[in-house]
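Reader: I am new to this structure. Please take me through it in short questions and answers.

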Amino acid sequence: MSAIFNFQSLLTVILLLICTCAYIRSLAPNLLDKNKTGILGIFWKCARIGERKSPYVAVCCVIMAFSILFSE
């Protein structure tokens with residue numbers, strides 16, 4: 001089944017995208033800062049969410065990890 005049709009997989013992909021973009025921006029800020037608009041602007045927005053809402057993203061990552069580990 002595709003990640004688009006499974007809600008838990010879709011949430012996992014979105015969370016991984018946010019975490020990855022925030023990590024890449026911490027290593028190379030110029031890589032994401034030049035693409036603030038357009039289709040590549042999604043990565044910049046995900047990095048901003050990861051930076052500004054990092055406690056909430058971390059809690060969501062822990063909840064998602066337990067959900068994946070202990071669900072069927």
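Reader: Is E51 buried, partly exposed or exposed in this model?

Author: The model is a predicted one. E51 has a relative accessibility of 32%. Buried would require under 20% and exposed over 50%, so at 32% E51 counts as partly exposed.

Reader: Which side chain meets E51 in a salt bridge at 2.6 Å, and which helices hold the two residues?

Author: The salt bridge at 2.6 Å, N to O, joins E51 to R25. Because E51 lies in helix α3 and R25 in helix α1, the pair ties together parts that are 26 residues apart in sequence. The partner is R25, and the helices are α3 for E51 and α1 for R25.

Reader: Is R25 buried or exposed?

Author: The relative accessible area of R25 is 16%. The cut-off for buried is under 20%, so R25 is buried.

Reader: How many salt bridges does the structure hold, and which residues do they join into one network?

Author: The structure holds 2 salt bridges. Besides the one between E51 and R25, R48 forms a salt bridge with E51, with the closest N and O atoms 3.6 Å apart. R48 and E51 are 3 residues apart in helix α3, so about one helical turn separates them. The count is 2, and through shared partners the network consists of R25, R48 and E51.

Reader: How many helices and strands are in the chain, and what pattern does it follow?

Author: The chain has 4 helices and 0 strands. Read along the sequence, its pattern is α-α-α-α.

Reader: Which residues form the nonpolar patch on the surface, and how much accessible area do they have together?

Author: The largest share of the patch, 3 residues, comes from α1. L31 lies in helix α2 (residues 29–33) and counts as partly exposed, at 46% relative accessibility. The patch is formed by Y23, I24, L27 and L31, and together their accessible area is about 410 Å².

Reader: What does the UniProt annotation say about residues 54–71, and how far apart are the end C-alpha atoms there?

Author: The unreviewed UniProt entry annotates residues 54–71 as "transmembrane region". In the model, the chain over residues 54–71 is 94% helix and 0% strand. The end C-alpha atoms of this stretch are 25 Å apart.

Reader: Where does K53 lie, and how far is it from L69 in space?

Author: K53 lies in the loop between α3 and α4. Its relative accessible area is 46%, so K53 is partly exposed. K53 and L69 are 16 residues apart in sequence, and their C-alpha to C-alpha distance is 24 Å.

Reader: What share of the residues of the chain count as buried?

Author: The accessible surface of the chain comes to about 5600 Å², and 71% of it belongs to carbon and sulfur atoms. Of the 72 residues of the chain, the share that count as buried is 19%.

Note on methods
Residues numbered from 1 in each chain as written. Predicted model: local features only at pLDDT ≥ 70, side-chain atom pairs only at ≥ 80, totals over all residues. Heavy atoms only, no water. Buried < 20%, exposed > 50% of the residue type's maximum accessible area, 1.4 Å probe, protein only. Areas by Shrake-Rupley, 256 points an atom, 1.4 Å probe, with all protein chains shown as cover. Patch = residues over 30% accessible without salt bridge, like charges linked within 9 Å, V, L, I, M, F, W, Y side chains within 5 Å. Salt bridge = Lys/Arg side-chain N within 4 Å of Asp/Glu carboxyl O. UniProt positions renumbered as here; feature names shortened; annotations may be inferred.
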